[in-house]
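Have the coordinates open while you read.

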Amino acid sequence: MRGYLLRRLPSALLVLLVASFAVFAVLRLVPGDPAAVLAGPDASAETEAAIRARLGLDEPLPAQYLRWLGDLLTGDLGPSYAIGGQTADLIGDGLGATVELTLGALLFVVVLGGAFGILGATSRNRWVSTAVRVLTTGALSVPPFVTGVLLVLLFSVLLGVLPPGGRVPLLTAPDLGVQYLLLPALCLALPSAAVLGRYLKDGIERALGEDYVRTATAAGIAPRRLLWRHALPNALPPVVTLLGMQTGNLLGGAVLVEAIFAWPGLGQLAEQALVRRDYPVVQDLLLLLVTVFVLVQLLTDLVHAWLDPRIRWE
Amino acid sequence: MTAPPLLEVQGLDVGFTTPDGRPLHAVRDVSFTLRRGETLAVVGESGSGKSTTALALLRMLPGTGRITGGSVLLDGEDLATAAEDRLREVRGARIGMIFQDPMTALNPVLSIGRHLDEVLRAHGDRDRTAVNGAGTGTGTSASTDARAGTGTGADGTARRRKSTRPGKATPSGKAARPGKAARRARAVELLRLVGIPDPERRLDDHPHQFSGGQRQRILIAMALAGEPDILLADEPTTALDATVQDQILTLLGELTRTTGTALVLITHNMGVVARACERVLVMYGGTVVEDGPTAEVLARPRHPYTAGLLAAVPRLSAPSGTRLTGIPGTPPDLSLPLAGCAFAARCALTEDRCRTTAPPLAALTDTVRAACLPAAERAEPLPPPPPPARIDRPAPGAVVLAAEGLRKTYRGRGRRAFTALDGVSLTLAAGETLGIVGESGSGKSTLARVLAHAHPSDGGRILLDGKDVTRPGRAELHAVRRRVQMVFQDPYASLNPRMTVGEIVAEPLRAFGTVAPAERAGRVAELLRLVGLDPAAADRHPRSFSGGQRQRVGIARALAPEPSVLICDEPVSALDVSVQAQIVGLLTDLQRDLGLALVFIAHDLAVVRQVSHRIAVMHEGRIVETGAADELCERPRDPYTRALLAAAPEPVPVTAAPVPAAAEAVSA
Amino acid sequence: MTALTKAAPPLARRPRHPYRAALATGRGRTGLALVGLVVLAGLLAPLLSGHGPTDQSALTLAGPGTPGHPLGTDDLGRDLLSRLLHGIRADLGIIAVAVPLGALLGCLSALAAAAHPIADTVVQRAFDLILAFPGLILALAITAILGPGRLPVIAVITLAEIPVFGRLLRTGILVQRGREYVTAARVGGISGGRILTRHILPNAADPLVVQIAVSLTVAVFIEGAMSFLGVGVRPPEPTLGAVLSQAMPYLAQAPHFAVGPLVTVTALVLGLSLVAEALNREIRR
């Protein structure tokens with residue numbers, strides 16, 4: 001297992017390194033003088049100079065890059081000129097909200113996707129399997145911004161049972177927090193849940209058709225046990241990989257869902273920073289999101305290897 | 001002693017629905033009985049319905065398959081109509097099953113211990129006598145009778161096994177559900193029984209850490225875990241090498257003798273039948289055509305199909321240069337209604353009534369039954385197969401192809417490098433057939449690919465007409481390929497599914513520019529005719545052809561550039577014996593007519609001996625012995641050659657009963 | 001199952017092409033009809049709508065059925081039918097350029113990867129890099145450079161599709177290359193180029209066809225999401241996502257505002273999904 005981690009780690013680090021180059025380059029590709037843009041049209045020459053010095057824009061590019069990395073590693077991200085406050089605080093607050101949203105959605109993905117997959121693959125009842133198929137196709141076919149609008153229409157406008165937007169942190173007020181979390185998490189989760197469910201269904205069906213399941217059937221093992229102990233462990237490893245990929249999609253999708261439900265997370269912060277052209281914040285944010293994503297991928301691969309002895313031993 | 005039959009199958013019918021909605025009658029009116037401790041072989045070629053019959057016994061038919069008629073009586077209880085829950089109690093506990101491919105039959109993510117534990121758990125909580133008693137009151141006593149009858153040699157081991165069995169043998173009490181530790185102990189015992197060395201340690205290993213033969217042993221252990229009365233083995237040795245096949249058959253024989261388990265062995269291999277079973281059931285086109293004691297059926301077949309099948313099996317004793325006997329034609333299309341005898345279209349002795357009246361399976365003697373109208377009236381034995389015909393082949397000429405010290409190493413993703421060829425040298429003369437035999441992993445397929453320039457060699461030299469062509473340039477490679485062509489093993493994988501047969505055969509014509517574009521269609525038709533196919537086949541895709549026909553297409557493609565050397569990599573391994581003879585015959589005819597030099601690679605020594613002038617035996621990337629075909633088979637010098645020869649199962653009728661002397665050796 | 005392998009009947013008539021058979025199923029037909037309807041509406045936009053998509057009138061937030069405005073008007077008094085139809089047109093214009101472009105670039109890089117091991121490593125790492133930016137985060141990064149507009153939307157979709165198609169084709173080529181019929185073609189003296197185009201690609205293309213249908217739905221998603229976030233096509237030009245995001249503040253007051261784009265986007269994506277599913281089933285058989 002450790003050997004596997006050691007083999008996977010370099011390529012993950014390489015991707016991160018190249019991604020940091022790319023993100024760094026984004027800022028340098030922006031037309032115009034970033035300091036002037038950041039300071040705004042009314043700023044004095046001193047402010048502009050201060051910003052330039054703070055960002056090190058007058059240094060050569062490699063030095064700027066190294067300085068940026070150093071700042072990231074020490075957590076000293078400096079003030080946000082356009083939004084106000086410390087960048088690290090802004091990102092910290094946003095990160096909390098986004099992680100809460102993503103984890104909530106992940107829970108929905110696992111529960112709904114798992115139910116879709118297992119019911120779809122094993123239900124002998126025509127109505128159940130049709131319902132699962134219609135639901136997964138529906139969840140896949142309706143974009144999150146549409147689902148979001150529909151959910152708000154139904155639960156907030158028509159029924160008035162759930163708030164249409166905003167956030168109360170789950171940790172400070174769990175009961176209220178859940179109400180605020182429910183709709184955005186569901187909206188974010190639906191497409192991923194459908195993908196996962198369909199994948200799991202295919203995987204279980206394929207595994208149930210394999211020779212080893214026939215062997216187990218011939219040995220008199222009950223269908224329930226065949227599903228849970230024989231087919232599912234084989235269907236699971238690729239599903240875990242997919243779940244890792246979907247976590248990335250959830251992170252990306254969070255940007256959109258946060259906009260729909262006014263959820264004050266990283267997506268909202270990124271949008272705000274973009275609109276106000278606060279490029280240092282954008283740059284830090286992008287690298288943070290990519291890092292989270294790459295770490296999730298790495299974790300996924302490890303879980304996959306743990307679940308599948310063939311990889312573990314290779 | 002006549003115990004009531006353990007298993008009685010009556011008029012079993014199995015139907016499938018094809019993807020385009022037509023019914024397919026895979027098994028028609030199959031009846032047979034099985035007594036306790038008996039060993040029965042069900043033999044037939046692909047499409048004969050033998051595997052379907054086996055799966056139908058446990059109601060495990062795949063896809064659209066269902067039993068459409070008849071009954072399967074196990075101790076008088078009909079499994080064809082039993083409830084699913086009841087069937088589950090029968091599976092594993094009363095009828096155990098092993099399947100063909102040990103590589104896929106074990107769950108890759110579960111350890112071997114878990115595999116066995118699952119089975120033991122499924123049946124551990126049921127008292128064995130209660131299961132038997134549910135079927136019939138006489139079940140237990142009959143079982144004891146059968147065990148007592150297996151002879152003294154087996155008796156000792158059977159008793160010993162009983163005493164060491166935890167949980168089950170202990171009278172009542174906590175025997176009801178063996179605990180985890182007890183199951184683990186039993187799993188170790190089972191692994192030891194099937195000959196897995198060091199079972200305690202290997203219990204936690206996963207399937208991919210075992211060889212094919214070991215996996216099959218583990219599957220046998222799983223099938224025996226519930227101590228079934230019947231072991232159903234569906235082609236248990238087909239995926240294995242001859243020497244491993246030999247070991248597995250020995251193991252099965254000993255296990256059935258010591259435990260008194262009845263064995264139903266599904267196989268296409270007449271040699272395996274002769275080696276392993278007392279009684280044989282021959283199937284063709286979904287029906288039973290003949291049934292009787294193995295010795296009797298093999299010595300004096302009553303049904304023309306049985307006779308034809310026996311004649312088609314290549315004998316190791318047949319000398320080099322003799323023609324294999326085949327059965328003309330192809331098996332019937334099971335989706336069409338069948339009026340008369342399924343074999344009528346291919347039978348040399350067909351009478352008019354055979355085509356209109358379905359022959360019943362009638363008793364011809366006390367023990368032999370056959371489904372053949374003329375056979376019921378025939379007093380004398382069927383005419384023996386014509387003596388092996390000599391192939392009129394010209395003497396080999398000058399050397400065309402030579403290899404000197406060829407090496408090839410495959411580097412896997414990891415550190416492990418696999419040496420497939422380790423200094424192989426050979427020569428091949430014009431008009432000569434060089435047979436190459438070896439087991440899987442011996443490097444014979446790699447040799448074929450290196451000789452045909454499909455893969456480059458890492459070292460050594462290849463000489464074509466005395467000229468070094470080991471590392472040819474672009475133009476030279478093209479010239480070499482024109483002279484050296486290849487026929488592949490798998491007639492399904494070696495043809496591009498997206499092209500028509502005509503396009504496939506025309507590709508080399510286009511590549512080598514041997515004929516003008518306008519004449520290509522004519523040449524394709526000519527080539528198809530040459531390999532015995534209707535030129536009208538050119539418009540169809542490979543999927544609408546049978547295996548034998550596809551192999552003919554592959555040969556036509558290889559012949560298109562008019563080569564002088566043809567390298568045939570296991571060209572008949574994927575084919576049924578009756579079709580195998582047709583393809584081998586075609587190759588030898590082509591050799592005679594076109595003066596081809598052939599490299600004929602196979603794992604079946606008997607086929608190789610018949611078609612080859614000389615034979616080279618390969619083992620672990622080296623040629624261990626080479627010599628004239630007859631000489632090598634009669635007087636082998638290398639121990640490996642001797643082992644190969646000894647392991648090849650011969651369909652020689654067994655007159656004496658198998659000697660149970662070796663029984664103690666295995667369970668010790 | 002040995003009994004079934006021999007069951008292939010001697011076919012007299014040629015079987016239909018699997019794609020056509022797939023599209024003739026109930027699933028395929030429904031999908032095609034839905035997509036066709038939306039595409040037709042987009043193509044005929046100038047003929048079907050009586051107003052320009054940006055013409056404003058005094059009549060704001062009029063309900064459906066208002067004379068002259070069958071779907072009503074928006075908050076600025078613009079005709080919703082016209083905005084919807086032109087929105088479809090704009091969407092189709094974007095995805096019809098971006099998806100094929102992404103597919104083409106992806107396939108080209110897969111071909112390059114198949115040609116040489118070094119190219120393979122480079123291409124693989126490039127794919128990894130793009131994939132490290134999940135969907136909309138990539139959109140944010142690109143908009144940061146290019147600013148909002150039509151071009152960044154196309155760029156984002158194209159860039160996102162490149163590794164998808166590239167990986168798919170690369171795997172397909174690798175799998176087919178290992179098949180025995182390719183070895184047979186090589187021994188048959190057929191040139192490398194012809195083996196690639198006539199033997200490998202036709203057998204590796206099936207998943208790509210399905211992926212195109214899937215990618216079109218993803219493109220609709222991305223366009224909508226970007227407009228919704230305000231980094232897409234610049235107002236006042238209508239797109240489906242833009243109209244929808246404008247409707248958001250008026251959901252309680254004038255829900256009909258959102259209905260047009262909601263139904264259209266759903267129909268389009270559902271249709272494409274059904275087509276993809278039908279193709280996929282037929283190919284996997």
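Q: What share of the residues of chain C count as buried, and what makes a residue count that way?
A: In this predicted model, 53% of the 285 residues of chain C are buried. To get that label, a residue needs 20 or more other C-beta atoms within 10 Å of its own.

Q: Why is A262(A) called partly exposed?
A: A262(A) has 14 other C-beta atoms within 10 Å. Buried takes 20 or more and exposed takes 12 or fewer, with partly exposed in between, so A262(A) with its 14 lands in the in-between class. You'll find A262(A) in the loop between helix 10 and helix 11 of chain A. A262(A) has a positive phi too, near 50°, and is a residue other than glycine.

Q: What share of the contacts in chain C with a separation of 6 or more comes from residues 24 or more positions apart?
A: That share is 68% in chain C.

Q: How do you know that chain A touches chain C, and which helix of chain A gives the largest share?
A: Contact asks for C-beta atoms within 7 Å, and 36 residues of chain A are in contact with 33 residues of chain C. Helix 10 of chain A gives the largest share of that side, eight residues. By residue class, the side of chain A that touches chain C divides into 29 nonpolar, six polar and one charged.

Q: What about chain C and chain B: how many residues does each give to the contact?
A: Chain C gives 26 residues and chain B gives 39. On the chain C side, two or more residues come from each of helix 1 (2–5), helix 9 (180–187) and helix 10 (192–204). Helix 9 of chain C gives the most, with seven residues. The chain C side divides into 14 nonpolar, eight polar and four charged residues.

Conventions:
Residues are numbered from 1 along each chain as its sequence is written. Chains are lettered from A and ligands numbered from 1 in the order in which they are written. This is a predicted model: local features need pLDDT of at least 70, side-chain atom pairs count only at pLDDT 80 or more; totals for chains, interfaces and linings use all residues. Two residues are in contact if their C-beta atoms, placed from the backbone, lie within 7 Å. Helices (H or I, at least four residues) and strands (E, at least two) are DSSP runs, numbered from the N terminus. Ala, Val, Leu, Ile, Met, Phe, Trp, Tyr, Cys and Pro count as nonpolar, Asp, Glu, Lys and Arg as charged, and the others, Gly among them, as polar.
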